[in-house]
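Biologist: I have a structure open and would like to go through it with you. Can we start with whatever you think is worth a look?

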Amino acid sequence: MQVRKQIAVSGIVQGVGFRPYVYRLATERRLKGSVRNTAAGVVIEIQGAGEAVDDFLTCLPAQAPPLARITGVSVRELPCHGDQRFQIFASQGQEAIRTLISPDVAICADCLRELFDTRDRRYKYPFINCTNCGPRFTIVRGIPYDRPLTSMAAFTMCSACQKEYDDPLNRRFHAQPNACWACGPQVELWDDSGAKLAGEDPIRRAAELLKQGAVVAIKGLGGFHLAVDATNAGAVERLRERKGRVDKPFAVMVPSLDVAETLCQFDEAARRTLSSAQRPIVLLRRRGEAAIAEAVAPRNRDLGLFLPYTPLHYLLLEQGHFSALVMTSGNRSEEPIAIDNAEAVVRLRGLADFFLVHNRDILLRCDDSVVRISEGRTRQMRRSRGYVPVPVFLAEEIPSVLAVGGELKNTICLTKGRHAFLSQHVGDLENPQAYSFFEEAIEHLERVLEIQPAAIAHDLHPNYFSGQWALRQKKLPLVGVQHHHAHIVACMAENHLNGRVIGIALDGTGYGTDGHIWGGELLLAGYGGFECAGHLEYVPMPGGEAAVREPWRMALSYLYRHFGRDFLRLQIPFVQQLDPVKVRVLLQAMERNLNSPLTSSCGRLFDAVAALAGVRQQVNYEAQAAIELEMATDETLAGTGYELEIVEKAGQLIFSTRRLFVELLADVEKTTPAGIIAARFHLALVDALASATETLRQRTQLDRVCLSGGSFNNRFLLEHLQACLRGKGFQVFTHSEVPAGDGGLSLGQALVAAHRVRSR
Ligand code: ZN
Ligand code: ZN
Ligand code: FE
């Protein structure tokens with residue numbers, strides 16, 4: 001009995017080897033029919049014995065190519081035709097336009113085998129790829145995703161490559177970046193003036209130079225890296241000095257999982273994430289005996305590891321010269337990553353001694369992604385290469401909007417149907433080059449995703465460059481979204497929640513609706529709006545922004561608030577080391593309300609505790625004091641923390657820190673180790689947040705809690721609070737797909753704006 005069915009498949013199903021896969025699946029089962037790309041995805045018609053057709057339908061999603069992501073399959077019956085065979089129809093013109101572009105992915109196992117196979121015609125060819133792997137997003141100029149609209153347009157395929165490209169049964173059928181030694185891009189080694197070095201094998205030469213301690217700029221998928229041998233302390237120090245990067249940890253590329261395991265502690269989830277096609281940097285707990293220069297990640301218990309992801313990386317590490325390479329973004333601190341050869345030579349002058357470049361242009365910069373593992377789940381900290389532009393899938397269709405994100409760690413978000421497309425990591429917009437990248441990212445994503453937003457969402461902070469950009473767009477309605485509301489809604493969106501939730505938003509800085517700087521907020525929130533239910537008590541930030549860079553100022557502020565000038569008589573190192581002149585100025589400023597904005601920031605509370613515990617008085621990168629306090633925490637401490645009191649004021653729950661500081665100072669006076677102080681502080685915060693949440697449940701009957709904001713990058717805080725809330729019977733929702741920090745802000749803004757547009 002013959003049947004014929006039409007199967008429409010949506011999701012990421014183009015440019016990932018889906019049609020040849022369908023072809024194989026059908027012909028193996030002797031099915032006739034066709035497969036073609038359409039605007040919505042792929043449409044398949046199959047005809048044959050009922051059993052074979054059923055089998056085809058079962059296998060179709062289960063065995064799909066690694067890069068495919070099927071989001072929908074619909075099947076309908078058709079009358080039988082007289083097809084003689086199964087055919088692949090070519091994409092035509094506009095057909096491919098509305099489907100999703102694949103992200104850039106690591107070299108696949110088949111290509112890797114060929115790369116090191118002496119008999120293969122691509123033996124050691126640094127740009128080997130196929131439909132299952134290679135560059136995508138970063139080489140696309142426009143859509144449809146076809147060679148002429150990629151940076152491969154500059155290369156004409158040789159006849160051998162063309163044959164593979166045209167053969168539906170070949171792994172390189174319609175692999176747009178297909179190339180080989182004869183026809184494709186090539187690698188060169190340049191000196192620091194951009195002059196090409198003579199020699200046979202530039203990659204081997206670069207490996208030798210690295211071994212000798214040189215800093216080599218290496219062109220990758222989404223931009224340049226600056227590389228040094230991670231076991232060479234002198235080289236790592238030199239890179240820090242040149243980059244102007246004092247303490248912020250560097251990521252390390254290792255040749256294999258085996259080597260990774262000698263450096264860090266591992267579980268199955270870590271292994272899976274490290275070797276996934278996305279190849280993010282994974283933050284892992286380092287082993288005490290890890291053979292790596294101390295300067296790679298000073299005072300940090302974690303190490304960011306990643307595996308090679310381009311053939312070039314494999315060739316470089318295959319030379320066997322090193323077990324670990326520092327690979328950091330090719331930029332000066334806080335600038336966007338360099339992508340163009342000539343641009344790199346200029347911008348990285350004085351940073352790199354040599355440049356390992358190639359002539360396949362990167363059209364869109366994309367930094368490495370950074371993730372953490374918690375409770376067996378991958379948690380995004382910087383969502384970029386490998387993940388972008390895969391959308392966050394939403395619970396329902398929403399209107400199209402543009403959200404411009406925050407100021408630091410900026411990303412933007414465009415929505416369409418059930419998809420929220422977050423951009424790659426754009427960076428800190430106060431940097432002029434990052435700001436132009438921001439404008440470029442908006443323009444590029446609107447174009448390749450074909451989205452015309454109906455509104456623009458932005459943060460309320462009057463000085464954010466992203467917000468100011470939004471205010472200059474005269475054609476579209478604007479929706480201002482409060483920072484912490486956006487954080488909580490981002491968490492709701494990725495967890496497909498509706499209605500109202502209790503939101504705990506903890507971070508460093510966010511502009512509040514009362515004009516103060518928020519950052520330790522309890523909200524009752526939904527897509528339509530929010531109510532403030534409580535917050536950390538307000539304290540002044542003496543000197544404003546300077547207090548963010550100098551945590552000791554926050555300690556001063558809390559001590560002054562709770563003990564007046566009496567705190568100056570305390571016999572503790574913190575007080576003894578204060579500069580009396582600065583103290584006098586700051587105390588006066590606070591007394592007179594000069595340049596001392598009020599804040600309820602959780603990040604600033606961490607700063608104060610870190611300063612008093614002797615962990616850090618000044619920071620060299622964002623959130624350094626909080627990170628080092630977390631890293632110092634004695635995780636084995638049992639028992640209770642300090643007492644963080646909750647008092648009610650005008651219906652809000654205010655966290656009063658007086659008792660906490662009394663108890664903390666007693667510990668400091670007893671010279672209690674910083675690790676114990678840090679643990680007691682964390683536990684105090686967890687207890688107080690949990691009991692406040694309990695009170696809110698009694699008042700509202702809400703029992704779903706969303707945790708968001710950059711402070712939840714703190715694993716100790718996240719895991720303890722989660723466990724505590726679950727113990728009380730709450731449903732707890734956290735971030736995984738988008739960062740808890742400001743990199744996830746644009747998603748929340750977008751959802752709030754889309755809700756506003758729809759309810760108009
Ligand atoms: Zn491949
Ligand atoms: Zn070729
Ligand atoms: Fe934030």
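**Metal sites and salt bridges**

Modeller: Arginine 271 has a relative accessible area of 24%, so it is partly exposed (buried means under 20% relative accessible area, exposed over 50%, partly exposed in between, with a 1.4 Å probe and protein chains only). This is a predicted model, in which local features need pLDDT of at least 70, side-chain atom pairs count only at pLDDT 80 or more, and totals for chains, interfaces and linings use all residues. Residues are numbered from 1 along each chain as its sequence is written, chains are lettered from A and ligands numbered from 1 in the order in which they are written, and side-chain values use heavy atoms, with hydrogens and water left out.

Biologist: Which side chain meets arginine 271 in a salt bridge?

Modeller: Glutamate 268 does, at 2.9 Å from N to O. A salt bridge here is a side-chain nitrogen of Lys or Arg within 4 Å of a carboxyl oxygen of Asp or Glu. Side chains of opposite charge can pair when their charged atoms come close.

Biologist: Where do glutamate 268 and arginine 271 lie?

Modeller: Both are in helix H8, residues 268-274, and they are 3 residues apart, about one turn of the helix. Helices (H or I, at least four residues) and strands (E, at least two) are DSSP runs, numbered from the N terminus. Glutamate 268 is partly exposed, at 48% relative accessible area.

Biologist: How many salt bridges are found in the whole structure?

Modeller: The search finds 49. One of them joins arginine 726 to glutamate 375, with the closest N and O atoms 3.2 Å apart. Arginine 726 is in helix H22 (residues 715-727) and glutamate 375 in the loop between strand S14 (370-374) and strand S15 (377-382), so this pair ties together parts 351 residues apart in sequence.

Biologist: Is glutamate 375 buried, exposed or partly exposed?

Modeller: Glutamate 375 is partly exposed, with a relative accessible area of 45%. Arginine 726 also counts as partly exposed, at 39%.

Biologist: New topic. Which residues are the protein donors of the zinc ion (ligand 1)?

Modeller: Cys108, Cys111, Cys130 and Cys133, each through SG, lying 2.3 to 2.4 Å from the zinc ion. Donors are N, O and S atoms within 2.8 Å of the metal (3.2 Å for Na, K and Ca); water is not among the atoms, so sites may look incomplete.

Biologist: What is the arrangement at the site of ligand 1?

Modeller: The site is tetrahedral, with angles of 104 to 118° among the 4 donor atoms. Four donors count as tetrahedral if all angles lie between 85 and 135 degrees. The donor residues are spaced C-x2-C-x18-C-x2-C in sequence. Cysteine 130 counts as buried because its relative accessibility is 0%, and cysteine 133 counts as buried at 0% too.

Biologist: And which residues coordinate the zinc ion (ligand 2)?

Modeller: Cys158, Cys161, Cys180 and Cys183 coordinate ligand 2 through SG, at 2.2 to 2.3 Å. Cysteine 158, in the loop between helix H3 (109-115) and helix H4 (159-166), and cysteine 180, in the loop between H4 and strand S6 (187-191), link distant parts of the chain, 22 residues apart. The donors of ligand 2 follow the spacing C-x2-C-x18-C-x2-C.

Biologist: Why is the arrangement around ligand 2 tetrahedral?

Modeller: Because the 4 donor atoms around this zinc ion subtend angles of 104 to 117°. Cysteine 180 is buried, with a relative accessible area of 3%.

Note on methods: Tetrahedral: all angles 85-135°; square planar, octahedral: opposite > 155°, others 65-115°.
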